[in-house]
Amino acid sequence: EEGPLWNRFYAGPETDRMCETVEKSLELISADRMIIGHTVQSSGKPRFKCSNRLIMADTGLSRYYGGNVAILLMENAADSDTDQERGLRIKVLELSS
C-alpha cells in the first residue's frame, strides 16, 4: 500500500497535501496531469481531483469489478467545455457492455 512502486496515497479523499504533492510531481517532470489506473473507482467513472490535475481513470472494465466500459477522452479544444487554463477538453464516454 505504501511502497515505492505501488502506492494508494492518491486513492483517498482529496486533501491539500495530496494536491501539493501532485503539483510538485507534475512540475518535476514538466507534465500537466497525472493519470492513475489500477485503483477502480466505485462509481464506474473516472474521478477528477486537484483541479483536474489528477485523474483516477480505472473504471472497472473487468467483470469482477462490474464490467463498466468507459473511455477518458482528452483532446485539444477552445470552447466552453474546455479546461480553460490548459486548452484541453476532457470527456468521459460510457459505452454499454
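Trainee: How much space lies in the largest pocket?
Mentor: About 200 Å³. Keep in mind that this is a predicted model.

Trainee: Which residues are closest to the centre of that pocket?
Mentor: L5, W6, N7, R8 and I36, out of 13 residues that line the largest pocket.

Trainee: And what is the lining like by class?
Mentor: The lining has 7 nonpolar residues, 5 polar and 1 charged.

Trainee: Switching to the sheet: what is the strand order?
Mentor: The order is β1-β3-β2, in an open sheet of 3 strands with mixed pairing. β1 (34–36) and β2 (47–49) each have a single partner strand, so one side of each has no neighbour in the sheet. From one strand to the next, the twist averages 20°.

Trainee: In which sense do β1 and β3 pair?
Mentor: They pair in the parallel sense, over 3 bridges, with β3 covering residues 54–56. In β3, L54 is the bridge partner of M34.

Trainee: Where does helix α1 lie?
Mentor: Helix α1, residues 16–28, lies across β1, β2 and β3. Relative to β1, the helix runs at about 115°.

Trainee: One more topic: how many disulfides does the count come to?
Mentor: The count is 1 disulfide. C19 and C50 form it, with their sulfur atoms 2.2 Å apart.

Trainee: Which parts of the chain does that pair link?
Mentor: Distant ones: C19 is in helix α1 and C50 is in the loop between β2 and β3, 31 residues apart.

Trainee: Is the C19 and C50 link left-handed or right-handed?
Mentor: Left-handed, with -85° about the S-S bond.

Definitions and conventions:
Residues are numbered from 1 along each chain as its sequence is written. This is a predicted model: local features need pLDDT of at least 70, side-chain atom pairs count only at pLDDT 80 or more; totals for chains, interfaces and linings use all residues. Side-chain values use heavy atoms; hydrogens and water are left out. Two strands pair if DSSP finds at least two bridges between them. Helices (H or I, at least four residues) and strands (E, at least two) are DSSP runs, numbered from the N terminus. Axes are lines fitted to C-alpha atoms, for helices over the stretch in contact, and angles run from 0 to 180 degrees between N-to-C directions. Contact means heavy atoms within 4.5 Å. On a 1 Å grid over the protein atoms alone, a cavity is a set of points where a 1.4 Å probe fits but cannot get out, and a pocket is an open set with protein on both sides within 12 Å along at least five of seven lines; lining residues have an atom within 4 Å of a point. Grid points are joined across faces, edges and corners, and a volume is the space filled by probe spheres set on the points. Ala, Val, Leu, Ile, Met, Phe, Trp, Tyr, Cys and Pro count as nonpolar, Asp, Glu, Lys and Arg as charged, and the others, Gly among them, as polar. A disulfide is a pair of cysteine sulfur atoms within 2.5 Å.
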